[in-house]
Amino acid sequence: MSEKDFIPSSYITLKEEGIVGYTSPSNIALVKYWGKRENQIPANPSISFTLTACMTKTSVEYKKKIRKDNEFSFDLFFEDQPKEEFKPKIKTFLKRIEKYLPFLKEYHLVIKTSNTFPHSSGIASSASGMSALALCFMEMERTFSAPITDDFFNNKISFISRLGSGSACRSIEGPLVQWGETSSVEGSSNLFGVKYPYKVHDIFNNFHDTILLVDKGEKQVSSTVGHELMHGHPFASQRFEQAHENLDKLRTILAEGNLNDFIGIVESEALTLHAMMMTSHPYFILMKPNTLSIINEIWKFRQTSNTHVCFTLDAGANVHVLYPENEKDIVFPFIKEKLISFCQNGQYICDRIGLGAKKL
Ligand code: DP6
């Protein structure tokens with residue numbers, strides 16, 4: 001499929017008014033997306049677990065404008081309050097997607113959105129937020145169009161979400177979504193995420209992700225700046241190559257449920273992401289002392305407990321603790337006893353692997 005396939009040729013009828021709503025979850029990457037080219041094209045392929053508890057709920061009320069103009073018109077409410085400071089980001093998003101959803105300027109939109117996780121928790125809201133909004137716009141388009149297949153609908157939502165935030169394109173479906181062209185995944189694309197098409201062992205059913213909020217402050221490096229740092233990075237090409245190799249290796253690991261090898265890839269990916277930040281110019285250390293303490297405690301516990309608990313990180317200090325359902329009775333008490341004390345105000349979120357967005 002090419003980008004042109006997402007430009008609609010015509011609509012049957014543009015409804016006068018209506019309301020659409022969706023919830024869309026966050027996701028946690030196992031192989032990380034870090035580095036992009038123009039138009040939100042990833043520099044390397046990535047794969048993620050779709051989550052369940054951390055999600056955004058968004059509704060869009062639309063009403064045809066009385067007088068046509070060439071402007072986007074929208075009000076934005078975040079947790080029931082008008083939120084002017086979020087508007088520029090939405091406007092940029094609308095500009096980027098207008099070509100693919102040409103009805104947007106015909107309407108006044110009232111966008112109402114809220115997250116299940118605390119706003120300044122250091123948890124990225126762009127994946128769930130941008131995908132929830134893309135879903136609402138796509139639902140509008142669906143009501144205006146001749147019937148389209150579910151596959152095309154999902155691909156286009158993911159395509160539109162990607163233009164809001166790269167990782168958002170991996171939030172529509174679940175439990176595992178792969179994004180970025182790579183030879184080991186048939187049907188993979190740089191334009192949208194695809195539901196992972198190969199066998200996934202039952203051990204990954206209900207997989208847990210307990211998110212430890214180590215530092216809830218503002219992000220020290222925005223993802224836009226972070227991706228930028230991969231341009232001219234001395235290790236960029238090796239890193240991009242490694243992501244392809246890790247995806248290739250994951251195919252057998254996921255099919256066989258080989259948790260030891262799974263841990264080897266997932267933890268190495270997290271540390272590589274941070275190593276890229278530490279070796280770019282300018283350079284950053286986004287882990288905090290407590291991030292390292294948690295990692296060390298996990299490694300110690302894994303050795304003595306014979307479990308398969310492991311960690312991954314986003315571009316921040318928070319730690320995602322991953323473990324299978326059949327080990328939760330051993331791992332969760334360990335988390336509570338040994339790890340929660342490293343969290344800011346003792347805060348953490350119990351999440352798990354999920355199936356993606358839902359219509360309200
Ligand atoms: C470290 O999707 O937030 O979480 O495309 O600029 O919005 P933009 O970036 P974003 O980057 C996420 C990076 C990451 C790794 C990942 O989720 O794969």
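The shell around the ligand divides into 5 nonpolar, 7 polar and 4 charged residues. The model is predicted. Of the 16 residues around the ligand, the nearest are Tyr33, Lys36, Ser165, Gly166 and Ser167.

Gly166 takes part through its backbone: one of its N or O atoms lies 2.7 Å from an oxygen atom of the ligand. Gln40 contributes its side chain, where an N or O atom is 3.3 Å from a ligand oxygen. The side chain of Asp314 also places an N or O atom 3.3 Å from an oxygen atom of the ligand. Taken alone, the ligand exposes 460 Å². The protein buries 92% of that area.

A search of the whole structure returns 1 cavity of 30 Å³ or more. The volume of the largest cavity is about 50 Å³. Its lining consists of Asn154, Ser158, Cys169, Arg170, Ser171, Ile172, Glu173, Val177, Gly193, Val194 and Lys195. Two elements, α3 (150–164) and β9 (193–195), each give two or more residues to this lining. Strand β9 supplies the largest share, with 3 residues. By class, the cavity lining holds 4 nonpolar, 4 polar and 3 charged residues.

Open space was also considered. The second largest pocket contains about 180 Å³ of space. It is lined by 14 residues. Pro8, Ser9, Ser10, Ser145 and Ile148 are the closest of these to the pocket centre. The pocket lining comprises 8 nonpolar, 3 polar and 3 charged residues.

At the level of the whole chain, the protein has 8 helices and 14 strands. The C-alpha trace spans about 70 × 45 × 40 Å along its principal axes. The radius of gyration is 20 Å. For 360 residues, a compact globule would have a value near 21 Å, so the protein agrees with that expectation.

The largest cavity, at about 50 Å³, draws on α3 and β9 for its lining.

Technical notes
Residues numbered from 1 in each chain as written. Predicted model: local features only at pLDDT ≥ 70, side-chain atom pairs only at ≥ 80, totals over all residues. Heavy atoms only, no water. Near = heavy atom within 4 Å. Polar contact = N/O pair within 3.5 Å; in protein donor to acceptor, adjacent residues only side chain to side chain. Areas by Shrake-Rupley, 256 points an atom, 1.4 Å probe, with all protein chains shown as cover. Nonpolar A, V, L, I, M, F, W, Y, C, P; charged D, E, K, R; others polar. 1 Å grid on protein atoms, 1.4 Å probe; cavity = no way out; pocket = protein on both sides within 12 Å on 5 of 7 lines; lining within 4 Å. Points joined across faces, edges and corners; volume = space filled by probe spheres on them. Helix = DSSP H or I, 4+ residues; strand = E, 2+ residues; numbered from the N terminus. Rg over C-alpha atoms; globule rule 2.2 N^0.38 Å.
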